[in-house]
Amino acid sequence: MRARRYCRKGGCPKFGTFLKEHISISSIHVVNVVKKEIYRLKEIEGELSTLSEIKELLAWDLQTIIPEKAIPNRGEQITYLGGKIHEILISDELNEIINKLWKNKKELSPLDRDIVERYHKDLQRVRKLPKEHVEEVERTMNEANFKWKEAKGKSNFAIFAPHLHTLIE
């Protein structure tokens, strides 16, 4: 009888040891999950960064030295990359990673917590946009940019006006 009361009050050495081991194993598991998810998030960020840099380089090429006949093809390449970036951003994998990290954000470093909070906020907005819409906007911007150059060179705003109207809509 005395032993039962003693264990119920938390004085049982075996129970205390079990509880400490259980808590530390759970903590280790959470930390390992968080580390794994942070590592994968950083891999995805690296891929997004690479694709964005390639897209920007192609856009620079489109703005500066590309031959006129290559402009439509370059515009399609930029459109493809914009769609691919959006596809990664709205992927279920990235969403699951952010949700897991969001639930365990107390375990994150301040920098990682800020990154996860930014993703959590931004992805709620980005996931509402269909890939086709993002590609269409990219395509329209590329066409409008080309027409702007033409209109500026000829001092004729009427060439650019329809594209500006489309962009504003």
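Buried, in this tour, means under 20% relative accessible area, exposed means over 50%, and partly exposed covers what falls in between, with a 1.4 Å probe and protein chains only as the setting. What you have open is a predicted model, in which local features need pLDDT of at least 70 and side-chain atom pairs count only at pLDDT 80 or more, while totals for chains, interfaces and linings use all residues. Residues are numbered from 1 along each chain as its sequence is written, and side-chain values use heavy atoms, with hydrogens and water left out.

**Stop 1**

Please select Glu76 and Arg139 to begin. They form a salt bridge, with 3.0 Å between the closest N and O atoms; the term stands for a side-chain nitrogen of Lys or Arg within 4 Å of a carboxyl oxygen of Asp or Glu. This pair links distant parts of the chain, since Glu76 sits in helix α3 (residues 71-89) and Arg139 in helix α6 (residues 131-154), 63 residues apart. Helices here are DSSP runs of H or I with at least four residues, strands are runs of E with at least two, and both are numbered from the N terminus. Colour by accessibility if you like: Glu76 is partly exposed at 38%, and Arg139 is partly exposed at 24%. Side chains of opposite charge can pair when their charged atoms come close. How many salt bridges does this rule give? The count comes to 14.

**Stop 1: one turn along α5**

Next, go to helix α5 (residues 110-126) and pick Asp122 and Arg125, which lie 3 residues apart, about one turn of the helix. Their side chains meet in a salt bridge of 3.9 Å, N to O. Is Arg125 buried or exposed? Arg125 is exposed, at a relative accessible area of 54%, whereas Asp122 is partly exposed at 26%.

**Stop 2: a network of charges**

Now show the side chains of Lys84, Glu87, Lys131 and Glu135, which are linked in a network of salt bridges. One of the links joins Lys131 and Glu135, whose closest N and O atoms are 3.9 Å apart. Because these two are 4 residues apart in helix α6, about one helical turn separates Lys131 from Glu135. Glu135 is buried, with a relative accessible area of 19%, while Lys131 counts as partly exposed at 24%.

**Stop 3**

**Stop 4: around His163**

Jump to helix α7 (residues 161-168) and centre on His163. His163 is buried, at 19% relative accessible area. What does His163 touch, setting aside residues up to four places away in sequence? The answer is Glu143, Ala144 and Lys147, where contact means heavy atoms within 4.5 Å.

**Stop 5: the aromatic rings**

A search of the whole structure finds 2 aromatic pairs. Start with Trp148 and Phe160, an edge-to-face pair with 5.2 Å from centre to centre and 70° between the planes. Trp148 is in helix α6 and Phe160 in the loop between α6 and α7, 12 residues apart, so this pair links distant parts of the chain. Rings of Phe, Tyr and Trp (its six-membered ring) pair if their centres lie within 6.5 Å; planes under 30 degrees apart count as stacked, over 60 as edge-to-face and the rest as tilted. Phe160 is buried at 10%, whereas Trp148 is partly exposed at 39%. Phe157 and Phe160 also pair edge-to-face, because their ring centres are 6.1 Å apart and their planes stand at 70°. Phe157 is partly exposed, at 49% relative accessibility. Show Trp148, Phe157 and Phe160 together to see one aromatic cluster.
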